[in-house]
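User: Hi, could you walk me through this structure? I'd like to start with the charged side chains and then look at the strands.
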Amino acid sequence: MIDVEHWAEIRRMHFIDGVSIREIRRRTGLHRETIRRALAAKDPPAYRRREKAPSKLDPFKDEIERLLRSDHRMPGTRIRELLAELGYEGGKTILDDHLREVRPRFAPRRTYQRTVYRPGEICQFDLWEPREEIPVGHGQTRRAWVVTSALGFSRAGAGALIFAKQAPDILWGMGRCLARLGALPQTAVWDREAAIAPKGKPTDAFAAFCGALPIGWSICEAADPESKGILERSHRFLRSNFEPGRSFASPEHFQSCLDEWFEQRANTRLHRGIRAVPAERLAEEVQRMRPLPERMPDTDRRFVMRVPQQPYLRFDTNDYSLDPRAAGRRVEVRASQRKIIAVELGTGAIVASHRRSFAKGLTFTDPAHQALLDQLRGNRRRGPDVEVELSSLAHYDQLIPA
């Protein structure tokens with residue numbers, strides 16, 4: 001069989017140049033019958049696959065379809081076992097190849113529609129976990145997450161580093177992301193994160209946060225990551241573009257690099273999905289969104305405790321000193337992402353103010369608190385001051401004659 005190029009050349013030489021079959025045979029070395037068939041054929045030669053030899057699987061194909069119709073997820077190993085009971089003696093490879101072709105007919109793939117958002121309509125939120133732990137000082141590293149966000153219309157994004165997946169931390173991250181984006185969307189989209197909506201119903205903390213802004217919320221169905229497809233793609237971009245080649249010295253350094261990456265890379269690139277630059281679209285979107293409140297909702301952890309005789313409070317495995325003069329009194333502790341503050345109930349006096357540390361198992365003592373402890377300990381050792389009446393020496397002279 002000759003190829004298309006030889007077929008076309010033979011026909012050109014004969015029909016256009018007038019070359020005889022004998023001369024074509026001499027020039028090409030082909031047999032005269034091959035040349036005659038090429039001249040008689042009006043269509044170019046095409047490869048035709050040979051008929052496949054009968055397969056050992058052919059008698060069982062109807063049974064395979066019946067099994068897949070009853071359960072399209074049935075593993076190939078189990079199907080082979082059932083066919084073997086019916087006399088199948090073929091190999092595993094031909095069965096797997098056949099299942100790969102026919103299984104999609106019984107388990108059609110899910111299809112999706114393209115969604116277009118109005119400016120300010122939604123903002124998607126999610127959690128992304130860096131591969132490496134973050135240095136937190138004192139020679140320690142700690143597992144961390146990033147609260148990520150992306151607006152539906154502009155695709156502009158922001159992120160906030162946190163060290164726990166609890167409601168105060170996640171809600172603080174949401175507030176920081178909204179502050180970076182510069183305005184309030186109509187709806188916040190979340191999956192069924194345990195601190196947000198574990199069973200599809202928003203937690204009291206999340207509902208209170210949204211009500212204070214106020215914004216609405218939309219909770220995705222279970223096992224449906226495509227509902228937040230904007231952020232799923234952003235996470236892949238973080239994994240492939242932000243993490244490689246970077247190392248971090250502290251949580252503050254990580255957050256600074258993340259903010260810079262969003263501003264100078266993620267939000268300034270040409271986004272393929274919207275065929276526009278997110279930062280340029282954000283400028284338009286913010287004009288149609290509601291402004292941020294003067295103060296974001298309070299997300300600090302708050303609890304009341306009585307100052308012990310050893311004046312320290314424990315939070316996140318660390319001990320922070322308290323004013324020893326408040327021993328035995330009740331104080332309210334306020335723990336934010338940056339500071340640990342204790343306020344005495346009733347008087348409102350601040351009895352502790354420490355920078356929060358994300359390292360673990362440490363003790364932090366304010367020098368002023370230590371000085372007060374030393375003073376109080378010295379007073380206890382000296383004992384209480386007792387006033388003693390002193391008699392005049394002249395009085396003794398009168399009693400004892402010279």
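This is a predicted model: local features need pLDDT of at least 70, side-chain atom pairs count only at pLDDT 80 or more; totals for chains, interfaces and linings use all residues.

User: Okay, how many salt bridges does the structure hold?
Analyst: There are 31 salt bridges in the structure, where a salt bridge is a side-chain nitrogen of Lys or Arg within 4 Å of a carboxyl oxygen of Asp or Glu.

User: What does Glu332 meet in a salt bridge?
Analyst: The side chain of Glu332 meets that of Arg302, with 3.5 Å from N to O. This pair links distant parts of the chain, since Glu332 sits in strand E11 (residues 330-335) and Arg302 in strand E8 (residues 301-306), 30 residues apart. Strands (E, at least two residues) and helices (H or I, at least four) are DSSP runs, numbered from the N terminus.

User: Is Glu332 buried or exposed?
Analyst: Glu332 is buried, with a relative accessible area of 17%, whereas Arg302 is partly exposed at 42%. Buried means under 20% relative accessible area, exposed means over 50%, and partly exposed lies in between (1.4 Å probe, protein chains only).

User: And which residue forms a salt bridge with Arg356?
Analyst: That partner is Asp316, and the closest N and O atoms of the two are 3.7 Å apart. Here, too, the pair links distant parts of the chain, with Arg356 in the loop between strand E13 (350-355) and strand E14 (363-364), and Asp316 in the loop between strand E9 (312-315) and strand E10 (318-321), 40 residues apart. Arg356 is buried, with a relative accessible area of 9%, while Asp316 counts as partly exposed at 23%.

User: What about Arg329, where does its partner lie?
Analyst: Arg329 meets Glu344 in a salt bridge of 3.3 Å, N to O. Arg329 is in the loop between E10 and E11, and Glu344 is in strand E12 (residues 339-344), 15 residues apart. Arg329 counts as partly exposed at 41% relative accessibility, but Glu344 is buried at 10%.

User: Which residues do salt bridges with shared partners join into one network?
Analyst: The network is made up of Asp298, Arg302, Glu332 and Arg334.

User: Switching to strands now, how do E8 and E11 pair?
Analyst: E8 and E11 pair in the antiparallel sense over six bridges, and two strands count as paired if DSSP finds at least two bridges between them. Within this pairing, Arg301 stands opposite Ala335 in E11.

User: How many bridges join E11 to E12?
Analyst: Five bridges join these two strands, which run antiparallel, and a hairpin connects E11 to E12 through three residues. Arg334, which also belongs to the salt-bridge network, stands opposite Ile341 in E12.

User: What order do the strands have in the open sheet?
Analyst: The open sheet of three strands has the order E9-E10-E14, with mixed pairing. E9 and E14 are the edge strands, each pairing on one side only. Four bridges join E9 to E10 in an antiparallel run, and Tyr312 has Ser321 in E10 as its bridge partner.

User: Last one, where does Gly346 lie?
Analyst: Gly346 lies in the loop between E12 and E13 and counts as exposed, at 88% relative accessibility. Gly346 and Ser247 are 99 residues apart in sequence and 47 Å apart in space, C-alpha to C-alpha.

Notes. Residues are numbered from 1 along each chain as its sequence is written. Side-chain values use heavy atoms; hydrogens and water are left out.
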